[in-house]
Number of protein chains: 4
Amino acid sequence: MTRVGVVGATGYAGAELVRILSGHPDVELTIITSRQYAEVEFGRIYPSMKGVVSLVCEKFSVENICDKADVIFMALPHKIPMELVPELIKRGKKVIDLSADFRFKDVSLYESFYQAHTAKDLLKKAVYGLCEIYFDRIRDALLIGNPGCYPTSVLLPLVPLLKSNLLDVNTIIADSKSGVSGAGRSPSLVAHFCEANESLKAYKVAAHRHNPEMEEVLSLEAGEPVKITFVPHLIPMTRGMLTTIYANLAQNIGPEDIQNCIASFYSGRPFIRICPDNTLPDTLHVRGTNYCDIGFKLDERNNRLILISAIDNLVKGAAGQAVQNMNIMLGLDETKGLVSVPFPL
Amino acid sequence: MTRVGVVGATGYAGAELVRILSGHPDVELTIITSRQYAEVEFGRIYPSMKGVVSLVCEKFSVENICDKADVIFMALPHKIPMELVPELIKRGKKVIDLSADFRFKDVSLYESFYQAHTAKDLLKKAVYGLCEIYFDRIRDALLIGNPGCYPTSVLLPLVPLLKSNLLDVNTIIADSKSGVSGAGRSPSLVAHFCEANESLKAYKVAAHRHNPEMEEVLSLEAGEPVKITFVPHLIPMTRGMLTTIYANLAQNIGPEDIQNCIASFYSGRPFIRICPDNTLPDTLHVRGTNYCDIGFKLDERNNRLILISAIDNLVKGAAGQAVQNMNIMLGLDETKGLVSVPFPL
Amino acid sequence: MTRVGVVGATGYAGAELVRILSGHPDVELTIITSRQYAEVEFGRIYPSMKGVVSLVCEKFSVENICDKADVIFMALPHKIPMELVPELIKRGKKVIDLSADFRFKDVSLYESFYQAHTAKDLLKKAVYGLCEIYFDRIRDALLIGNPGCYPTSVLLPLVPLLKSNLLDVNTIIADSKSGVSGAGRSPSLVAHFCEANESLKAYKVAAHRHNPEMEEVLSLEAGEPVKITFVPHLIPMTRGMLTTIYANLAQNIGPEDIQNCIASFYSGRPFIRICPDNTLPDTLHVRGTNYCDIGFKLDERNNRLILISAIDNLVKGAAGQAVQNMNIMLGLDETKGLVSVPFPL
Amino acid sequence: MTRVGVVGATGYAGAELVRILSGHPDVELTIITSRQYAEVEFGRIYPSMKGVVSLVCEKFSVENICDKADVIFMALPHKIPMELVPELIKRGKKVIDLSADFRFKDVSLYESFYQAHTAKDLLKKAVYGLCEIYFDRIRDALLIGNPGCYPTSVLLPLVPLLKSNLLDVNTIIADSKSGVSGAGRSPSLVAHFCEANESLKAYKVAAHRHNPEMEEVLSLEAGEPVKITFVPHLIPMTRGMLTTIYANLAQNIGPEDIQNCIASFYSGRPFIRICPDNTLPDTLHVRGTNYCDIGFKLDERNNRLILISAIDNLVKGAAGQAVQNMNIMLGLDETKGLVSVPFPL
């Protein structure tokens with residue numbers, strides 16, 4: 001059985017990895033690391049898992065993790081992974097990195113939004129882990145740059161339509177709404193209960209670092225430069241992300257054409273659900289799951305398409321997609337460990 | 001002292017009218033009506049006001065309300081007001097109607113989104129009560145069509161820029177997010193706690209009845225036909241509305257031009273607050289107030305403006321603006337009864 | 001494979017049964033019924049399960065359900081089950097009823113809090129399905145009265161201590177706090193988002209129908225009459241129930257004695273978790289699980305014990321315990337279909 | 001006009017003081033201080049008040065504040081006030097301290113729960129500012145120890161009954177539930193949105209520092225030692241505190257006796273509202289107000305009284321009561337600055 005490890009297991013994405021990997025039928029979670037909680041039992045930090053997950057957090061060391069794991073998930077803030085990953089790769093480990101460090105093809109893009117990149121060679125070998133789009137490359141990858149939550153929610157509905165040249169690429173706007181868990185587990189004023197509850201606000205308007213990440217992929221898939229306006233908002237709920245995308249149509253088409261384009265593109269893909277007849281996505285319907293629900297409405301008066309996607313930001317937007325990437329890399333069914341009947345509410 | 005009455009006092013907008021009017025220093029709330037709660041003390045229905053508001057709900061009758069009140073607020077579903085208001089106006093009463101019945105200039109527009117209009121003559125005399133835009137007409141009006149919450153949040157940031165021809169009128173998109181109180185007090189599945197909590201969804205995409213209401217005003221103010229794409233969303237919080245507007249610039253201008261245009265247009269208007277230096281509106285900051293906070297960001301890469309407004313949907317989006325209209329009609333300072341120091345959270 | 005059916009599948013407890021049974025490895029969910037949604041696909045009512053649960057709701061008929069299912073779950077309001085269950089039992093079906101109809105041994109107790117009982121003979125054969133207490137009887141039962149959510153949260157921490165005579169039975173008070181899903185799916189003012197959000201209140205103080213249900217079991221287990229004061233409260237969250245129990249000690253004992261009594265009583269029981277060293281239960285830690293977490297603190301100054309339990313009201317408090325009962329009745333491992341790694345948040 | 005100052009104006013209680021005092025008709029808020037935000041405009045920290053409160057935070061200095069203010073509110077963590085207050089008092093200022101430093105009569109009680117007291121002399125002169133109980137002493141006080149939120153919610157319903165000897169003082173239990181704003185504005189894991197949302201838990205069970213504060217007052221008022229079991233809980237909402245109190249009756253009395261005792265004791269007190277006929281308090285009904293709503297139910301089977309109180313923890317539980325104390329000290333009507341029509345929701 002493949003042995004896996006999680007570096008940075010006590011943040012929200014890391015804890016979600018622990019949840020999914022602990023229940024995965026085909027891998028064994030053998031090591032979890034944490035700077036802050038070294039030598040603390042995981043069930044002490046996340047008591048929901050007490051009696052279920054018996055692992056104790058360890059301090060990270062290359063030796064230790066390479067001894068214990070064949071596939072390594074990195075759930076750390078950007079900048080640290082690019083310092084650690086080269087050694088892991090050198091030792092033959094497969095790595096799935098949840099930070100931005102290995103998401104970009106264009107290193108200058110990365111460097112203008114983050115910092116100098118110290119592992120440029122690896123960047124060339126890394127595959128952007130948007131599973132439904134890059135399945136084939138992921139299968140052969142050793143290193144995955146796991147997509148951000150916002151890019152996942154923006155790219156999945158858009159890519160099929162852009163590849164079919166159905167949209168005017170100069171008119172794309174993405175208005176995203178995220179639950180507060182996207183802000184992570186470190187206490188901060190923005191995620192303080194009384195500041196977030198009964199509050200609704202935009203932030204980093206047209207200035208979020210997920211913006212260049214989206215545009216690089218969109219441009220590649222459209223075959224021409226695509227720039228979008230991206231505005232994230234913070235919503236008083238724990239999990240969930242809803243993205244509303246606006247774009248003018250490039251061709252004279254109707255709703256069936258849109259429906260057909262998306263449905264045929266994602267035919268057979270288990271985690272994409274197209275909303276039937278005029279129903280629309282709701283974050284509550286994907287909570288705790290790896291699904292991306294997609295719906296749309298054509299504003300015919302304005303020749304404008306409204307595309308809506310819903311994901312759980314911690315699952316399809318982070319840990320779930322990371323495990324899906326691992327499944328693909330290991331030649332497993334991509335749904336392994338990721339399917340359970342969703343909660344009704 | 002002017003005597004005022006509220007018809008339909010037990011819905012959320014009606015109750016908010018009762019709150020504001022009970023504390024208004026220059027008018028006396030003399031009568032409140034309710035079909036469902038006739039003869040019930042108001043403090044029984046809204047126990048927050050027990051011991052403070054001693055009025056008892058009465059059944060509506062033209063005689064009764066005309067005896068007791070000089071200014072009448074109608075907080076009823078559309079269709080009913082147009083049946084009742086003509087008689088009130090005939091008897092010399094001033095009327096502020098919170099439904100859609102008297103908001104439209106173009107009766108055919110009303111009729112295509114609602115139903116046949118049975119008081120067309122009055123429609124011509126009614127003034128659209130967007131206080132900051134139509135102050136002068138409101139002063140002389142006998143009948144006000146009080147704006148919808150969504151139109152208020154969309155029109156206030158847009159009108160100054162449209163009047164100055166700064167925006168490309170073919171590119172306007174409004175993505176609105178509303179707290180659940182906008183769905184009213186009648187129990188329904190959409191506003192059921194467990195369906196709304198931890199849920200985020202769009203509804204009536206490009207098909208909401210507030211859409212033509214906005215467009216009629218925008219077209220009048222822009223001096224040319226304006227069509228916008230409008231998408232409302234439901235957010236798990238009680239009060240508050242945030243609207244994010246996207247529009248391409250029509251001219252080569254910078255952020256100072258935008259700032260100047262909006263700030264000078266609203267100079268001296270007590271309920272418009274322009275967010276200073278890169279701060280942005282948050283619904284928590286206007287909760288319980290009649291303010292409309294406006295912020296913006298220029299996406300220079302895309303030559304696109306992002307305008308953001310925050311209001312309390314029940315105050316500036318309904319009852320507060322209605323009282324502001326009354327103040328203007330009565331020649332009072334428009335802030336009377338509407339100013340108290342806002343809560344910090 | 002055992003075929004199972006759910007009668008009343010579209011309420012919250014019913015939907016939770018559909019979720020659990022659809023994922024159960026040893027039974028097949030073959031029929032779900034609903035009056036309100038006959039012939040509607042389940043995924044239309046609960047879109048989280050679209051593409052996962054393909055069943056269509058049927059109208060209830062004895063013939064139909066007896067043809068299709070061997071074990072039948074009744075998730076209906078009380079009074080209806082006692083009319084339907086006798087015929088199901090007569091045809092050799094095993095029945096787990098989630099209403100109060102088959103929970104009482106003393107029919108007069110039932111009749112004084114509900115209504116005349118029309119299936120008294122069956123009442124004698126029914127077993128109260130509190131799995132950890134009545135495991136042996138459940139194994140041989142044909143009909144289970146599945147416990148209420150409040151009684152489950154009160155009885156599990158109390159029974160071991162009462163059986164050991166450690167508590168003064170005249171001093172027991174249970175202060176329970178429930179999430180809003182306990183109010184069910186039918187829209188009502190009490191569960192309307194804006195009335196429940198930011199609200200906290202007690203209801204049916206010392207007058208809730210779960211009170212006699214608890215007392216009957218407590219008295220049986222204590223071997224003497226036990227009367228308790230029970231006060232339920234409504235909390236602004238979807239799932240979860242926390243019960244804080246107060247009781248004077250009957251003996252001169254310390255915290256280790258309490259710990260030992262509860263821990264040894266529940267030794268080996270997979271769904272009871274005793275909180276370690278001074279940690280306390282939190283509903284977030286049992287959300288979506290069948291666990292009952294139990295913690296306590298001794299108020300030595302007052303010789304009073306404070307016992308705290310946390311459950312998910314829809315799982316251990318309803319559907320999860322019902323499936324646990326089925327597992328025991330069928331001779332399966334009691335955890336089948338009920339274990340997945342809990343969410344970290 | 002009396003000049004007032006707030007020391008520690010940027011915490012939640014301090015900000016609430018700024019809100020109330022800015023709108024107070026008979027005092028002028030002349031100075032606010034903050035270590036963390038010195039020289040920052042208040043509206044930058046709490047943008048709800050931008051354009052309304054124009055004060056800028058200053059660093060605290062005795063000279064400065066004594067120059068500018070006649071009455072000084074201290075909204076700081078305990079230990080600091082007892083170091084600063086003696087100098088303020090010496091200079092003839094009236095001081096209302098919101099910390100625990102001047103709440104206790106018995107210094108050893110303070111010292112066993114907090115730390116060594118460095119201003120014992122002042123302790124003797126300080127008056128416990130529970131306005132409805134100690135009105136007469138407050139009128140003449142120079143220094144007020146403003147009650148904690150939990151003690152306020154426990155003492156107001158209990159004191160009348162204890163003074164009338166209606167309760168068995170050995171049986172009192174208080175189960176309190178508090179909104180998250182009680183945890184203050186400093187980011188922490190316990191008040192982090194994702195940890196508090198959908199969570200419900202007890203904390204500091206029978207070990208909270210408000211426990212001895214309550215008991216000292218209860219004992220004084222009962223005329224005999226009173227020990228109570230006190231358990232606070234954290235609830236996922238911003239504002240509000242509900243306390244459910246249990247106590248055995250000491251006499252053979254009925255609900256009218258309870259009603260009469262409380263109602264006559266609080267006759268004419270503007271901020272106490274007794275819930276009429278079987279209605280019960282709800283935190284939503286006191287949100288943003290200085291009211292304490294009190295209701296009760298007699299559990300006649302168990303000869304036990306259940307008393308329930310609801311307050312806004314930041315108003316009657318902190319800043320509102322502090323201003324009420326100031327009003328009384330200044331000989332103003334005690335409701336000045338504290339009455340506005342409550343929000344319906």
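1. Let me begin with the rings. Over all chains the count comes to 36 aromatic pairs, where rings of Phe, Tyr and Trp (its six-membered ring) pair if their centres lie within 6.5 Å. Tyr150(B) and Phe230(B) make an edge-to-face pair, at 5.1 Å centre to centre and with 65° between the planes; planes under 30 degrees apart count as stacked, over 60 as edge-to-face and the rest as tilted. Tyr150(B) belongs to helix 8 of chain B and Phe230(B) to strand 9 (residues 229-234) of chain B, so this pair ties together parts that are 80 residues apart in sequence. Both Tyr150(B) and Phe230(B) are buried (under 20% relative accessible area; exposed is over 50%, partly exposed in between, with a 1.4 Å probe and protein chains only). In chain A, Phe104(A), Tyr110(A) and Tyr114(A) form one aromatic cluster.

2. A word on the basis of all this. This is a predicted model, in which local features need pLDDT of at least 70 and side-chain atom pairs count only at pLDDT 80 or more, while totals for chains, interfaces and linings use all residues. Residues are numbered from 1 along each chain as its sequence is written, chains are lettered from A and ligands numbered from 1 in the order in which they are written, and side-chain values use heavy atoms, with hydrogens and water left out.

3. Next, helix packing in chain B. The axes of helix 8 (residues 149-163) and helix 11 (residues 255-265) of chain B come within 9 Å and cross at roughly 110° (lines fitted to C-alpha atoms over the stretch in contact, with angles from 0 to 180 degrees between N-to-C directions). Helix 8 and helix 11 of chain B are therefore roughly perpendicular to each other, the term for 65 to 115 degrees; under 35 is roughly parallel, over 145 roughly antiparallel and the rest oblique. Helix 8 of chain B contributes Val159(B), Pro160(B), Leu161(B) and Lys163(B), and helix 11 of chain B contributes Ile258(B), Cys261(B), Ile262(B) and Phe265(B); contact means heavy atoms within 4.5 Å. These residues divide into 7 nonpolar, no polar and 1 charged (Ala, Val, Leu, Ile, Met, Phe, Trp, Tyr, Cys and Pro count as nonpolar, Asp, Glu, Lys and Arg as charged, and the others, Gly among them, as polar).

4. Which residues does Pro160(D) contact, leaving aside its neighbours within four places in sequence? They are Leu155(D), Cys261(D), Ile262(D), Phe265(D) and Tyr266(D). Pro160(D) sits in helix 8 (residues 149-163) of chain D and is buried, at 0% relative accessibility. Its C-alpha is 6.6 Å from that of Cys261(D), although 101 residues separate Pro160(D) and Cys261(D) in sequence.

5. Two backbone details deserve a look. Asn303(A) has a positive phi, near 55°; Asn303(A) lies in the loop between strand 12 (292-299) and strand 13 (304-311) of chain A. Asn165(C) has phi near 60° and is found in the loop between helix 8 (149-163) and strand 7 (173-178) of chain C. Helices (H or I, at least four residues) and strands (E, at least two) are DSSP runs, numbered from the N terminus.

6. Finally, symmetry. Chain B superposes on chain A by a rotation of 180° with 0.0 Å of shift along its axis (RMSD 0.0 Å), by least squares on the C-alpha atoms of residues with pLDDT of at least 70 in both. The two copies are thus related as by a two-fold rotation axis.
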